[in-house]
Amino acid sequence: MKKLALIPTFLTLGLAVGFFGTITSAQTVPTAGSFRIGEHISYNISLDKFKNVGFVETNVASRGKIAGQDVVEIQGRIKTEGFVSAAIVLIDETRTVYAAIDDGRPLLIKRVLDGGVSARHIDIDNTKLATAPFDLFTALFKAREVNGSGSFPFAEDGEGSTITFLPEGAQKVTTDQGTFETTIVRISSPYFDSRGFKNVRLWLSNTDEKIPVAFEFKSRNGTFRGTLASYAIEEQTGMPVDPTPTPRPSVAPTPPKPIVRPTPSPTPYIPNQPLLSELKFRLGERLNYQVTNTGRSVGSFSLGVPERKLVGVQDTLVLEAKVTGVDGANSPFSLGDGMIANVSPESLGPNTFNAHLSKQLAQYSQNAAFDQRTGVVTFGPNKEEGPVGVHSILSLIYAMRSFNLLPSREASNPVNDTRVAVFWRAKVHIFSLRPSRPETMTLGDKKLEAQLITIVTGDPVVDQLGFKIWLSMGAARTPLRFSIGGFQADLISESNSLP
């Protein structure tokens, strides 16, 4: 399982289901079975020390009928944002579930997974099944109904299994909505086990509503936690039942508005503000490397984070790589060669990337502009579509320092590869970062602990040369060595000079 598929995308907004069958609206009431019509819940998501990396929303939107059965329409959405969206995992899923009021099982499920290039639609019709398995969404409501205790049939991503809830204690939880006395519920399922999710837990309030106050699980990316941000019962106007319903075309309901999380900016703009503490490098960092070819020195270059400034109206962090020395006539580069990436100081997603290279590297020269809202990369008269959060090669080098790069237990089964979208020459590629176990390496006259990261680019010419980076095991995760073909760049000095 690749990391881009590690996080369950299980809450979504709805589209109507006219082609599945006729839906008739019924006059809304405060409750329908164990459901509360108009209940709207939202959560803030964190990943380890990263705050507000995404949001989750659920909404019991309406009540009606499908295939002769009383149902509720449940809408929801889950979306990652900021650094996590750009550097670790992009999730933007909407889902509508039409669940039977009597037992809470999903009769119709419509999922929309937006990968940035095009949306993928998944429709599941359980109306013909005698007993439909719960999906992740309706399983959450079932856990509330049974007070966090029981085992039920379960299916997600086409994989049938079971899901079990087991109370394991009590805990007081503080959220944006106040402090709750809760019951801790342990959740287990073969579905979670196969995807590397561990310690999946849910905190249910000890009130009549059994509000899911928080949830948490551990993955190879770290510990994800959702905490209650808002809870409300929205007034429903409702419509009378149509005794002679007629089919109507599918109409997309208005999505619930996501939580607005404004990021205040100082006025007037103050340049060179400190970077987020979650990033492994600091403003002003300068790393200097000596480059050799089969052991012979051919020159030197540096990587730097020289400034944070306003470019147009965008708060921008500047990343650069530049040639600082040339040895001999056969050097693969010239003085003046270099790359500059203007990136978001929070996500490290690039806004522009400029590479001016010569000699053997001339083919990699280019200027590109990135639209981080759509994933479209513009270079010259051409455009290439990629997922939101696509990187340049320079922004990737800095972003990967903050990745949770854990090696696989078995070298022959690289399940811990991290997949990242990278604009490389004229195409968006999916780079695979394959982490090895930490080892001791010799750098100059020093012995250092480092982790080898092998990068598979999808470009056969590059991949046959073997693109490797060694990251230090220190807090800064400094790149100690780069290697490709017969060329090797070793770190010889580092400094930090604040602008």
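Arg401 sits in the loop between α4 (393-399) and β24 (418-424). Helices here are DSSP runs of H or I with at least four residues, strands are E runs of at least two, and both are numbered from the N terminus. This is a predicted model: local features need pLDDT of at least 70, side-chain atom pairs count only at pLDDT 80 or more, and totals for chains, interfaces and linings use all residues. Residues are numbered from 1 along each chain as its sequence is written, and side-chain values use heavy atoms, with hydrogens and water left out.

Is Arg401 buried or exposed? Arg401 counts as buried because its relative accessibility is 1%. Buried means under 20% relative accessible area, exposed means over 50%, and partly exposed lies in between (1.4 Å probe, protein chains only).

| Partner of Arg401 | Groups involved | Distance |
|---|---|---|
| Glu285 | side chain to side chain | 2.9 Å |

Contact means heavy atoms within 4.5 Å.

Next, the cores. The largest nonpolar core has 60 residues, and Leu303, Leu317 and Leu394 have the most contacts inside it. Helix α4 gives the most to this core, with six residues. A nonpolar core is a set of buried Ala, Val, Leu, Ile, Met, Phe, Trp, Tyr and Cys residues joined through side-chain atoms within 4.5 Å. Leu394 touches residues including Leu303, Leu319, Met339, Ile340 and Phe353, not counting those up to four places away in sequence. A second, separate core of 37 residues includes Phe154, Trp203, Phe224 and Leu228.

Helix α2 spans residues 136-145. It is largely enclosed by the rest of the structure, because nine of its ten residues are buried. Lys142 and Arg144 are among the buried ones. Just after α2, Asn147 takes a positive phi of about 60°.

Two loop residues also have positive phi. Asp157, not a glycine, has phi near 55°. It lies between β10 (150-156) and β11 (159-175), and at 44% relative accessibility it counts as partly exposed. Asn272 has a phi of about 60°. Its loop runs between β15 (222-233) and β16 (285-293). Asn272 is partly exposed, at 26% relative accessibility.

Note on methods
A polar contact is a pair of N or O atoms within 3.5 Å; within protein, one must be able to donate a hydrogen and the other to accept it, and residues adjacent in sequence count only if both atoms are side-chain atoms.
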